[in-house]
Amino acid sequence: MTKPNTLRDGPDDKGRFGIFGGQFVAETLMPLVHDVAKAYEDALADPEFAREKAYYLAQYVGRPSPLYFAERLTEALGGAKIYLKREDLNHTGAHKVNNTIGQILLAKRMGKKRIIAETGAGQHGVATATVCALFKIPCTIYMGTKDIERQAPNVFRMKMLGAEVKPVTVGSCSLKDALNEAIRDWVTNVDTTYFLIGTAAGMHPFPMMVRDFQCVIGDEVRAQCQEAEGRLPDTLVACIGGGSNAIGLFHPFLDDPDVRIIGVEAAGKGIETGKHAASLNAGSPGVLHGNRMYLLQDEDGQVMEADSISAGLDYPGIGPEHCWLHDIGRVEYVAIRDDEALAAFQMLTRLEGIIPALESSHAIAHVVKLAPTLPKDNIVVVNLSGRGDKDLNTVAHALGINMGVNL
Amino acid sequence: MSAADFETRIDRRFAQLKAEGRSALVTYVMSGDPDLETGQQILNGLPGAGADIIELGMAFSDPMADGPSIQAAAIRALDAGVTLKKTLAQVKAFRATDDETPIVLMGYYNPIYHYGVEAFVRDAKAAGVDGLIVVDLPPEEKDELAVPALNGGINFIYLTAPTTDDKRLPKVLEFASGFVYYVSITGVTGTAAAAVSDIEAAVARIRRHTDLPVAVGFGITTPDAAAAVAGVSDAAVVGSALVNRIRDNLDADGKAKAGLVDEVLGFVKQLADGIRAHKGS
């Protein structure tokens, strides 16, 4: 195979990034999946779609989000110069809304009357419920009972926004099973319903589409870093569950070979314990949820349960473009344990007055390790993909604090 | 109009039924449900109870196209220790008792992909498998398994759905052989049922595109319904209703009660009697 001139032109016409991706979907859904791909292609060719999306991203989401120089964190770590891309400041508190704005406009163009979505941490569920309120479209959010418990504030937010939250009680009761249930709903209500997938995974065209909608993150970072430093960053760091915030930051830099790119998976209680969500570091290629990707699976090809303190990273697979970037070596993928993420959560909170989501805390935790090893003129941009208010119960529990009693 | 240049037990069975002037009863059970031994007894008893074609489920942890009944069956089978290898061993053991009834394995792609496609096709053929239904392999992904299966002498059975329009049908049928499986509802297994008139129209539409037999499944739960569907198609597939008979004959610990196999096979006989009474479609 000849080396392509660009790493940014995937997927191919079969929806593949190398061997990853594809359309592993039941026949009932396949015609609709083609409809979505066609509608997206048409939308891209329509300046009105771009105009409308830009309007809502600016006026409703509040973009661009700042690229903030984390001076005290930089000082404390004593190495690289650290910037935070503040996706936590978006309306609804995470990067997820960049994608839901894009897809709800697409669903509207397709004349869909109902939205369904899966959610892990609840950030995508909230971002979906939000745009559904805005555009007055009924929505149903599938969420595992394990996640409902640990992300209660987000469940209440979704309900306040008018969404129906359907608890999923099968399997591991987390994101994987929420996706299964959402797919079962979609196949049942195929005519009326749009499946608003929240991460850069699933059947083609979703990984490509979600990536495109999230690329606003990396596009802004390019311009903001030029303005602040007169050049591109040296290092990019982002956490990875399905991988949407990371691909949004990384993709616009893939063809800049001098930019080092690092994705951070959840190592849970440690990869050696088997209780983790590190699909790239400890999984193997498999097919689930419409695409081929690295997957945590046993010797019989049964999908294993992932484990992470962070509901948003608690998924046994990973988006197909990341799998490909891993295999070709363009992006480094590392893993951070629960305890390391918790320490980073507290560190950023105390040093910068910014409470990060537990997901984003994994990226911060890697920067805590990495920055001291880098020269002071190395510019690191870490994606602060969401804010941590939703995680306070989980963090309090992990730290042994009973919020009602001994605060 | 078959993509296969070979003949399997499926072709012979449909030819034989055509001569008899009746449609087929296709029964679905999950391999290893509720345990490997009981599952083998059910499997071995199906032809005698009147099953013309056997669909044997390959358990998967994430059965996205299945409703609660078959999801639960998969969990029971996996808990009982079933693997794809053991499923093939069950087929092999069955073949020692019956070399005529076609067996079609049905499930999802990942366990096969993980097993290795080439090795799987070879081992499945050697065990006595005639066809494959893999829910998450539409024609768009035919190179993954459909083409290797055809090259290895196994029919790859394609699903068509109410959403598969006339424009798309030729694409779905291009590599079809054995029979065509019409999923009669938009939805998961074992939930809603389609009206017989709708099924009749859909089968007629598919027949305009192929000479292959058309089997109809999803939502057929009673002998009457099976007979009615068989009356307007070449085969009626009953799955969840059978699997529910297994569920209903488990004790509080989830172990098979003494009469489980007879209960399940007795129900198969009722289904078969219904279809045979309806001779002459």
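B:Phe218 counts as buried, at 11% relative accessibility (buried means under 20% relative accessible area with a 1.4 Å probe, protein chains only). Phi of B:Phe218 is positive, near 85°, although the residue is not a glycine. B:Phe218 lies in the loop between β8 (214-217) and α10 (223-231) of chain B; helices (H or I, at least four residues) and strands (E, at least two) are DSSP runs, numbered from the N terminus.

The model is predicted, with local features needing pLDDT of at least 70 and side-chain atom pairs counting only at pLDDT 80 or more, while totals for chains, interfaces and linings use all residues. Residues are numbered from 1 along each chain, chains are lettered from A, and side-chain values use heavy atoms, without hydrogens and water.

In chain A, A:Thr92 has a positive phi of about 75° and is buried, at 6% relative accessibility. A:Thr92 is placed in the loop between β4 (81-86) and α4 (96-109).

Points are joined across faces, edges and corners, and a volume is the space filled by probe spheres set on them. The count comes to 9 cavities of 30 Å³ or more. The largest cavity has a volume of about 300 Å³ and is lined by 28 residues, with A:His95, A:Lys96, A:Ala121, A:Gly312 and A:Glu359 nearest its centre. The second largest cavity holds about 250 Å³ and is lined by 27 residues, among them B:Tyr28 and B:Asp66.

Technical notes: On a 1 Å grid over the protein atoms alone, a cavity is a set of points where a 1.4 Å probe fits but cannot get out, and a pocket is an open set with protein on both sides within 12 Å along at least five of seven lines; lining residues have an atom within 4 Å of a point. Buried means under 20% relative accessible area, exposed over 50%, partly exposed in between (1.4 Å probe, protein chains only).
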